[in-house]
Amino acid sequence: RTLTDKLELVFEGEYVGYARYARDAKYSQQLGTVTLGLRWAPFAAPAPGRGAVQYNLAAIHLKAGVGVAHLIRTPYDEWVGGVQQGKWGVAATASIGWMPIQFGNSSLGFEVTGMAMLRDNARYGIASNLLLRTELF
């Protein structure tokens, strides 16, 4: 939902799987988040018309959100069983992105996202790597 020509309200779900769990190398971590937040794109250009492609090399955005998170841990050597489920907490996400290719209301580019879950006065963080991101609305 567009609030201004540079600011949008975003509702997102993100998931990072099989990240290394630093405290026990036998386990991986998966973190899923559902957040509501804001995206600020200071150099945004109006969307091109239907079927048109536009290149905007200055299409950088910053994004932050809060919501709910779920964390599980899975042993690397087991597909079934051994899963440590059930940690739910408050999610916080922040990202910076570059979406230079725009077509209609959609765009294609890269984004670096950091995700964290806050629970029991502790922070469980998993930072995503550089992602190829497609936005389809």
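These exercises, with worked solutions, walk through one predicted model.

Residues are numbered from 1 along each chain as its sequence is written, and side-chain values use heavy atoms, with hydrogens and water left out. As the model is predicted, local features need pLDDT of at least 70, side-chain atom pairs count only at pLDDT 80 or more, and totals for chains, interfaces and linings use all residues.

**Exercise 1. Overall make-up**

Task: State how many helices and strands the protein chain has, and give their pattern.

Solution. 
- Step 1: Take the rule. Helices (H or I, at least four residues) and strands (E, at least two) are DSSP runs, numbered from the N terminus.
- Step 2: Count. The protein chain has zero helices and seven strands.
- Step 3: Read along the sequence. The pattern is β-β-β-β-β-β-β.

**Exercise 2. Confidence**

Task: Find where in the protein chain confidence is lowest and where it is highest.

Solution. 
- Step 1: Take the whole chain. The average is 82, and 85% of the residues score at least 70.
- Step 2: Strand 7 (residues 122-135) is lowest, at a mean of 64, and strand 4 is highest, at 91.

**Exercise 3. Buried and nonpolar**

Task: Determine what share of the residues is buried, and list the largest nonpolar core.

Solution. 
- Step 1: Set the cut-offs. Buried means under 20% relative accessible area, exposed over 50%, partly exposed in between (1.4 Å probe, protein chains only).
- Step 2: Apply them. Of the 137 residues, 37% count as buried.
- Step 3: Define the core. It is a set of buried Ala, Val, Leu, Ile, Met, Phe, Trp, Tyr and Cys residues joined through side-chain atoms within 4.5 Å.
- Step 4: List the members. The largest core has nine residues: Val16, Ala19, Leu31, Ala69, Leu71, Ala91, Met115, Met117 and Tyr124.
- Step 5: In soluble globular proteins, nonpolar side chains tend to be buried together.

**Exercise 4. The salt bridges**

Task: Identify the three salt bridges, and say which residues form a network.

Solution. 
- Step 1: Apply the rule. A salt bridge is a side-chain nitrogen of Lys or Arg within 4 Å of a carboxyl oxygen of Asp or Glu.
- Step 2: Start with arginine 39 and glutamate 8, which meet at 2.9 Å, N to O. Arginine 39 is in strand 2 (residues 27-40) and glutamate 8 in strand 1 (residues 7-20), 31 residues apart. Arginine 39 counts as buried because its relative accessibility is 8%.
- Step 3: Turn to lysine 63 and glutamate 12, whose closest N and O atoms are 2.9 Å apart. Lysine 63 lies in strand 4 and glutamate 12 in strand 1, so the pair ties together parts 51 residues apart in sequence.
- Step 4: Check burial. Lysine 63 is buried at 6%, and glutamate 12 is buried at 12%.
- Step 5: Glutamate 111 sits in strand 6, 48 residues from lysine 63. Both lysine 63 and glutamate 111 are buried.
- Step 6: Join the pieces. Glu12, Lys63 and Glu111 are linked in a network of salt bridges.

**Exercise 5. Around proline 42**

Task: Describe where proline 42 sits and what it contacts.

Solution. 
- Step 1: Proline 42 is in the loop between strand 2 and strand 3 (53-55).
- Step 2: Proline 42 is partly exposed because its relative accessibility is 23%.
- Step 3: List contacts. Leaving aside neighbours within four places in sequence, proline 42 contacts Lys6 and Ile60.
- Step 4: Compare sequence and space. Proline 42 and aspartate 5 are 37 residues apart in sequence and 8.9 Å apart in space, C-alpha to C-alpha.

Methods: pLDDT is the predictor's confidence in each residue, from 0 to 100. Contact means heavy atoms within 4.5 Å.
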